[in-house]
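Here is a friendly walk through one protein chain, from its overall build down to single residues. Have your viewer open and follow along.

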Amino acid sequence: MEKIEYILKEFGKCNIALSQEQGEKLLKLYDFLVEYNEKVNLTAITDFEEVVVKHFVDSILPFSKLSIDKGASFIDVGTGAGFPSIPLLIYRPDLEGTLLEALNKRCVFLEAACELVGVKAKVVHGRAEDYAKDNREQFDIATARAVAAMPVLCEYCLPYVKAGGRFVALKSVNENCDECENAIKILGGKTEQILDYEITNGDSRRLFVIKKISQTPTKYPRNPSMIKKKPL
């Protein structure tokens, strides 16, 4: 089976209809990821079929389950190799994406990858707690994929979300909402939805959708040592 056909088939299993062009862009992203991974550690997953399922489907599928306005802005906090942001922007090119990453060598990859596949995104080299100082409540959506435990992730991400917006966390089923309810409340959020689903290889995932209902107190996010020492 041709690689593009495989990509389109896997997304078809999720009732996501990608165009041939979108399939070609994802294949370009795969090839570039694997090539670049030889000199910069981006991912432990390099097998083609695994990347399609565990990176591409895993990045796009949860957002296909949400209603997201055309032209909405989002920030991907701790984007790493660009997941979920780059596949999401291939799927939804109307969105305005900001990719926040603390390692400069990954930022170099992200800029090159975005240019290669023709997606428009702002790549920012910075830490979540620092970039938030001048960019609070600026985005319709903040997202992150398995970067940290939910109470920690809420503190890093919710300050970026404007009132009425959402924090969308892509997590494993091992995390539950009870652990982060206090953090959500303190940071001005409210749990809107928790959705369990499977990606196409049968692996289970949990999607947390947190609605921003009031402004986050300006002392958050705290510095990493304080967050680690005393999580909300």
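## Overall build

Take the contacts between residues at least 6 apart in sequence: 66% of them join residues at least 24 apart, where contact means heavy atoms within 4.5 Å. All of this comes from a predicted model, in which local features need pLDDT of at least 70, side-chain atom pairs count only at pLDDT 80 or more, and totals for chains, interfaces and linings use all residues. Residues are numbered from 1 along each chain as its sequence is written, and side-chain values use heavy atoms, with hydrogens and water left out.

The chain has 9 helices and 7 strands, taken as DSSP runs numbered from the N terminus (helices are H or I with at least four residues, strands are E with at least two). Its radius of gyration is 17 Å, close to the 17 Å that the globule rule gives for 232 residues, so the chain is as compact as a globular protein of that length. That radius is taken over C-alpha atoms, and the rule is 2.2 Å times the number of residues to the power 0.38. The C-alpha trace spans about 50 × 35 × 30 Å along its principal axes.

## Surface and charge

Buried residues account for 54% of the 232 in the chain; buried means under 20% relative accessible area, exposed over 50%, and partly exposed in between (1.4 Å probe, protein chains only). The accessible surface is about 10,800 Å², and 46% of it belongs to carbon and sulfur atoms. These areas come from the Shrake-Rupley method with a 1.4 Å probe, and for residues only the protein chains shown count as cover.

The chain carries 32 positive and 33 negative charges, whose mean positions are 7 Å apart. Lys and Arg count as positive and Asp and Glu as negative, while His and the chain ends are not counted. Each charge is placed at NZ of Lys, CZ of Arg, CG of Asp or CD of Glu.

## Two nonpolar cores

A nonpolar core here is a set of buried Ala, Val, Leu, Ile, Met, Phe, Trp, Tyr and Cys residues joined through side-chain atoms within 4.5 Å. The largest one has 52 residues, and Ile-7, Phe-11, Leu-29, Phe-56, Ile-86 and Phe-109 touch the most other members. At least two residues each come from α1 (3–12), α2 (20–37), α3 (48–64), α4 (85–91), α5 (104–117), β5 (161–171) and β7 (204–212). Helix α3 gives the most, with 9 residues.

A second, separate core holds 31 residues, among them Leu-100, Ala-142, Met-150 and Phe-167.

## A covered helix and a buried glycine

Helix α7 (residues 150–157) is mostly covered, with 8 of its 8 residues buried. Among them are Met-150, Glu-155 and Cys-157.

Gly-165 sits in strand β5 and counts as buried at 5% relative accessibility. Not counting residues up to four places away in sequence, Gly-165 touches Asp-140, Ile-210, Lys-211 and Lys-212. Phe-74 is 91 residues from Gly-165 along the chain, and their C-alpha atoms are separated by 9.7 Å.

## Backbone details worth a look

Most residues other than glycine have a negative phi, and most peptide bonds are trans. The peptide bond from Phe-83 to Pro-84 is cis, with omega near 15°, and Pro-84 lies in the loop between β1 (73–77) and α4. Another cis peptide bond joins Tyr-220 and Pro-221, with omega about 0°; Pro-221 is in the loop between β7 and α9 (224–229).

Positive phi turns up too. Asn-15 has phi near 60°, lies in the loop between α1 and α2, and is exposed, with a relative accessible area of 74%. Glu-137 has phi of about 50° and lies in the loop between α6 (128–131) and β4 (139–145), where Glu-137 counts as buried at 18% relative accessibility.

## A loop valine

Val-173 is found in the loop between β5 and α8 (181–186) and counts as partly exposed at 33% relative accessibility. Leaving aside neighbours within four places in sequence, Val-173 is in contact with Asp-196, Ser-204, Arg-205 and Arg-206.
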